[in-house]
Amino acid sequence: MSAERKFPLPSFGAIRDLLRRSEQAYDGADLLTARKFVGVLWAVSGTIALGLLLVEPPTESPIGAAGWLAGVAVVGASFLGARWVLGDAEEPGFDGLLIATYAGVTQIAALEWLAGGDSAYRALFVLWLGAGVGVHPPRRGVPFIGAVVAAGCMPLLYAGHETRTLIDTVTNAVLWVAVGFVLLALISRVRSQRREMHELERDALERAEQAVRRVQGLEAVSDAALAHLPFDDLLSELLGRITKVLQVERAAILLNDGDTGALRVRAAHGRDAEQLKRRRVPLGEGLAGRVAAEKRPVFIRAMEDASEASPLVPGADVSSLLGVPLLVRGGTVIGVLQVASSDDAGFSEDDSRLLQLAADRVAVAIDRAQLNEQAHRIAETLQRSLLPSRIPDIPGLTLATRYQPGAAGSAVGGDLFDVVEYLDGRIGLAIGDVVGRGIEAASLMGQLRNALRAYAIEGGEPADVVERLNRVVGHWDEGQIATLLYVLVDPRTSTLTYSTAGHLPPLVRGPDGTTSFLPTGEYVPLGVLPFGAYRESVVAIEPGSTLILYTDGLVEERGMSVEDGMERLSHAVAGGPEDPDALCDHVLETVPSDGIAGDDVAVLAARLDPVPSNKFELRLPAEPESMVAVRRTLERWLDAHGAERQVMYELTVACGEACMNVVEHAYPGGDAVFVLEATHENGEVELVIRDFGYWRPPRKSDRGRGLELMRRLTDSAKITPGPQGTTVRLRRGLKTKVTA
Amino acid sequence: MKPLAQLDVERVQDALVVHLEGEIDISNAAELGAALEAAATSDTLGIVLDLSHTSYIDSAGVHLLFRLGGRLTRRRQQLRIVVPAESPIKKVIKLTGVGWTVPHDDSVDEAVRGLRAEVRPVPGSDSWNSDPNAEWW
């Protein structure tokens, strides 16, 4: 800083500046101090005037003795003026103070006049001169000086023109003008300095605020808590913070669209955000395209038509744009983060750095999320591939299963279920849950399912199967454990044989709608002990009952006890639909309290179909696979009606032969059906097999055997061919023995 | 679709013992027949088909037995079936006359003995079939 600036000499330029008309006439002035100054001056001036009244009695004016009265009135007005200026009632502004200084000068002139033009009052003129110049803006200070000089020269008008008086007055006037201008210069200097200081202060404050905003911005985009947000939430939260920190109206994240290389809006925030979703920007077009191509921030400020710069922003109220690339390892651009503002000023380097920081954060999150998504997909695919793709149709047992993966973002669990058909007609139902998540859990689940199938195919009893699976899990390296429930259903006798390894108890709903959990005893999960000593329980259930197997994801919820969940399940099943398929849906919708389970959920519902009463009808496609359904249904029905094993077999063979003839001669096309009607009355069973084609006489001796069997195994077998189809009617007493 | 039946093959001396568990009907008879025929390689005397754990057999299964018996006979092998007296399927075996062409026994041991006794042309001479290089005369 130069010496000149420190000690400025008044110059004409400076004086001209002083006199220049200014918008802010009082800029740099201190109203409060000025007010105090003027108020105190009034008081001081009044006090001195009071003293001068005694020294120079105000009787020499033309009004004579009345001068005393006028003098006292003027002094009183002084004090009133002081009170007015200092008091709280009015708080006069600069204009008020201006008038007050003129009034002060007028008052002194009046007192001087009352005293007959005595020079004692000149001291007071000097006092007011200082005050007036201090209070007025420089431009108005000049007329004030003039006013003071004029007031000081007044005695010349009424007190005569003595040479001495004339010389004194003129000398005074010159002195006052000089003093007035020096004061004026000084005060304006002080004022301009104060003005500069204010400006500096404002600048500093602004810079400090910017710094704070930047730090807050950094905090906002680098907040560690963001890391726990799901991917899409993270993006929108980051965009929200960026718009706030950079004070912009719009922000958007565009990601590379796989093969085409075009950019697609993945997240948007601010105005028009909804319209932007999923919009595409062709490769190389607009701001985003340039950013992606050049791999560096691109600024656009004060543009006229924003839509040209970026097809994403409606031109109307956007004039500045900033875009930064999303870079991942190896410097690959995976997208662009851009912000738009209606402010012409555009964006600073600071803004760009902050935005780049946010972009880096987004890039890392995207990288990680894509990896996670991939792992999640693999685990889910693995798990789905390990669950049975199709549930077998089993006569007498209606099955439905559901598997619902956990909420988005969570790892895949190891829920498993399976249905295994035994050669003797029993059906094994398994449900389990490998503790842990992800690919590890899913692969153990796969191992378990394979082992379960292997043991079940050998006809393993539940406790035996569970015990062997315990060894399978025990040999698994990872020290994992799993819960399992294995139920063997015998539709013929309506019994359940089951064994559990730490799994939640199965729920049974009777035909009357009452529900109860089956007692399972306390057995440890698989993999906990080398020998679990698993036992099995047997219960008989009524035909028409429904068995519900489920995993803990259905009934376990944060902040809720499992008992509550089981209670809700029991309630839902009791009031749920009859059909197992609909029941599964109902359970999944109503049991988790918010309708969405956080964990994986597997549910299996099996209804032991009610045994047909005295009569039942079965309608099946005419194909070899239907034979099993006929046998199972018939066996169960005959068993329920007290048929002995031998009778049951013989009737099944006879019926099978009749059905086989239909199947073998079914007309091509595959949509042929046949109907089996069974009736039991007074110990006699009648089976009627009807088809809708022509009965073919036996072609070869081999097939003649079927007809022969049908006749020999029943009391009577009648075949009635007809134009609409053939009817085979078989009758047999349940207690009678047919002769071999 | 689960298999209706399961074959369990074991070799008892020079006989092939096949335990058939499950059911034989029109849907699996052809398949079982092919599997059994393939199992009876030329170094065996024939097949002992154990039907003790077969819970269902109808005319399609009976047809399979006749056919398999005929095929093996032409190959100078023999089919013997095991149907215990208490088995429910015994009736169908009896009614259809399988027993006229396919010998049946009550137990696997009996059937194996029967097989060895019938196929071996010189009873008492163990060397006839046990030497793979032996000539046919």
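I took a residue as buried if 20 or more other C-beta atoms lie within 10 Å of its own, as exposed if 12 or fewer do, and as partly exposed in between, with C-beta atoms placed from the backbone. By this criterion, 40% of the 740 residues of chain A count as buried.

The model is predicted: local features need pLDDT of at least 70, side-chain atom pairs count only at pLDDT 80 or more, and totals for chains, interfaces and linings use all residues. Residues are numbered from 1 along each chain as its sequence is written, and chains are lettered from A and ligands numbered from 1 in the order in which they are written.

**Entry: secondary structure.** I used DSSP runs numbered from the N terminus, with helices (H or I) of at least four residues and strands (E) of at least two. Chain A has 22 helices and 21 strands. Chain B has 6 helices and 6 strands, in the order β-β-α-β-β-α-β-α-α-β-α-α from the N terminus.

**Entry: the interface.** I counted two residues as in contact if their C-beta atoms, placed from the backbone, lie within 7 Å. On this basis 24 residues of chain A are in contact with 22 residues of chain B. On the chain A side, α20 (626–640), α21 (645–664) and α22 (701–712) each give two or more residues. The largest share, 10 residues, comes from α21(A).

**Entry: nonpolar cores.** I defined a core as a set of buried Ala, Val, Leu, Ile, Met, Phe, Trp, Tyr and Cys residues joined through C-beta atoms within 7 Å. The largest has 73 residues, and those with the most contacts inside it include A:A654, A:C655, B:I47 and B:V48. Helix α21(A) gives the most to this core, 12 residues. I looked up A:A654 and found that, leaving aside residues up to four places away in sequence, A:A654 touches A:L709, A:M710, A:L713, A:T714 and A:L730. A second, separate core of 65 residues includes A:A463, A:L554, A:L569 and A:A606.

**Entry: a helix pair.** Helices α3 (residues 31–55) and α4 (residues 66–86) of chain A pack at an angle of about 160°, with axes 8 Å apart. Axes here are lines fitted to C-alpha atoms over the stretch in contact, and angles run from 0 to 180 degrees between N-to-C directions. I therefore recorded α3(A) as roughly antiparallel to α4(A), a term for angles over 145 degrees. Among the residues making the contact are A:W42 and A:A49 of α3(A) and A:F79 and A:A82 of α4(A).

Key. Angles under 35 degrees count as roughly parallel, over 145 as roughly antiparallel, 65 to 115 as roughly perpendicular and the rest as oblique.
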